[in-house]
Amino acid sequence: PGITKSLQTFSEEQFLSELSDDRSPLGRPTVRSRPAPYLPASFGFQPNMHYQQQHQHPRQHPQQPEATENEIYDSDESNLLRTPLDRGPHFDLSASKNITALVGKTAYLNCRVKSLGNKTVSWVRHRDIHLLTVGRFTYTSDQRFQAVHNPQTDDWSLQIRYPQKRDTGVYECQISTTPPVGHSMFLSVVEPITTIVGAPEMFINTGSTVNLTCIVRNSPEPPSTIMWTHNNQEINYDSPRGGVSVITEKGETTTSYLLIQRAKPTDTGKYVCSPSNADPYTVNVHILNGEHPAAMQHAGQLRLGDPVNVLLLWLISVLLGRR
């Protein structure tokens with residue numbers, strides 16, 4: 001009854017005064033409502049609907065638009081300053097492409113990351129899910145791998161020294177966001193192959209035109225130079241002998257033709273084709289004086305006795321010599 005009487009004599013002015021205080025009429029601190037922390041849906045967070053119904057504020061606020069992918073915040077405080085126009089850390093795919101490298105020649109897989117902030121860039125090898133680098137630190141016992149950072153271009157490159165064919169495969173550049181994002185690239189390590197048509201032995205009649213055709217395949221770029229030697233001496237195309245020229249066609253497959261007109265017995269010997277980016281290849285040439293061995297003019301090679309082919313190559317060499 002005492003409690004009832006107290007409640008009955010509690011005036012409206014006193015009740016409003018108590019509401020403005022930091023405690024409730026029953027003496028307990030007032031629970032102030034605060035917005036729930038933002039959690040992306042990808043974390044499996046589901047609001048407590050019962051709690052919201054029991055503690056819903058009487059004033060209806062306009063519904064906020066759903067957060068886009070670029071507005072999802074990570075847990076660190078730096079991202080609280082992010083605006084909807086700020087994409088956050090992201091890849092510049094125009095500077096991150098597949099690479100073809102030569103065996104033994106240092107290769108670089110490039111990864112350009114914009115707006116990295118306080119995040120880090122890592123490199124992972126897919127073959128064995130092996131973490132290679134984090135930031136500028138190497139996390140593998142294979143010291144051929146190293147991270148190289150260029151702050152002017154925002155490039156984080158994976159350097160691979162002395163690459164081998166076994167290094168061929170997929171490598172992923174990752175950014176340490178939550179969850180991490182990555183971009184994969186394929187490294188192809190190839191070994192150029194050099195061959196000479198008609199090798200290892202060629203037999204040519206005296207007075208004929210010798211055509212040695214050297215072919216370089218599986219090269220990511222054409223060799224800068226191709227050197228020909230005769231009996232371990234570099235061939236001099238301006239020698240008094242005359243009639244010696246070379247024609248080189250560069251491309252995905254590079255071909256070099258060494259033409260020796262009016263073959264003489266002194267032209268016999270070992271000829272070596274040495275591309276700048278591939279192993280050399282050797283052919284032994286025999287200048288015959290009327291003999292006709294069975295091995296002469298192997299099937300499948302350009303028949304040196306064919307007048308049309310010889311004339312065509314001679315005309316090309318003459319035209320190039322006049323330039």
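The model is predicted, so local features need pLDDT of at least 70 and side-chain atom pairs count only at pLDDT 80 or more, while totals for chains, interfaces and linings use all residues. Residues are numbered from 1 along each chain as its sequence is written, and side-chain values use heavy atoms, with hydrogens and water left out.

**The whole protein**

- The protein has 4 helices and 20 strands; helices (H or I, at least four residues) and strands (E, at least two) are DSSP runs, numbered from the N terminus.
- Of its 323 residues, 33% count as buried. Here buried means under 20% relative accessible area, exposed means over 50%, and partly exposed lies in between (1.4 Å probe, protein chains only).
- Contact means heavy atoms within 4.5 Å. Among contacts between residues at least 6 apart in sequence, 59% join residues at least 24 apart.
- The accessible surface comes to about 21,400 Å², and 54% of it belongs to carbon and sulfur atoms. Such areas come from the Shrake-Rupley method with a 1.4 Å probe; for residues, only the protein chains shown count as cover.

- Strands of a sheet pair through backbone hydrogen bonds, either parallel or antiparallel.
- Two strands pair if DSSP finds at least two bridges between them.
- β13 and β20 pair in the parallel sense over 5 bridges, and Glu201 stands opposite Asn284 in β20.
- β15 (residues 226–230) and β19 run antiparallel, joined by 5 bridges; Met227 has Ser274 in β19 as its bridge partner.
- β19 and β20 also run antiparallel, with 5 bridges between them. Tyr271 has Val283 in β20 as its bridge partner, and a hairpin of 5 residues joins β19 to β20.
- Why is β19 largely enclosed by the rest of the structure? Because 6 of its 7 residues are buried.

- Asn277 is found in the loop between β19 (269–275) and β20 (281–288).
- Is Asn277 buried or exposed? Asn277 counts as buried because its relative accessibility is 16%.
- Leaving aside neighbours within four places in sequence, Asn277 is in contact with Leu102, Pro192, Ser219, Glu221, Pro222 and Pro223.
- With the side chain of Ser219, the side chain of Asn277 makes a polar contact at 2.7 Å. A polar contact is a pair of N or O atoms within 3.5 Å; within protein, one must be able to donate a hydrogen and the other to accept it, and residues adjacent in sequence count only if both atoms are side-chain atoms.

**Arg161, in another loop**

- Arg161 lies in the loop between β9 (155–160) and β10 (169–175), and counts as partly exposed because its relative accessibility is 33%.
- Not counting residues up to four places away in sequence, Arg161 touches Thr106, Gln143 and Arg144.
- Arg161 and Gln143 are 18 residues apart in sequence and 8.6 Å apart in space, C-alpha to C-alpha. The side chain of Arg161 reaches the backbone oxygen of Gln143 at 2.7 Å.

**A nonpolar patch**

- Leu131, Phe137 and Tyr139 form a nonpolar patch on the surface, with about 340 Å² of accessible area together.
- Patches are made of residues with over 30% relative accessible area and no salt bridge: like charges are joined within 9 Å, nonpolar side chains (Val, Leu, Ile, Met, Phe, Trp, Tyr) within 5 Å. A salt bridge is a side-chain nitrogen of Lys or Arg within 4 Å of a carboxyl oxygen of Asp or Glu.
- Leu131 is found in strand β6 (residues 130–134) and is partly exposed, with a relative accessible area of 33%.
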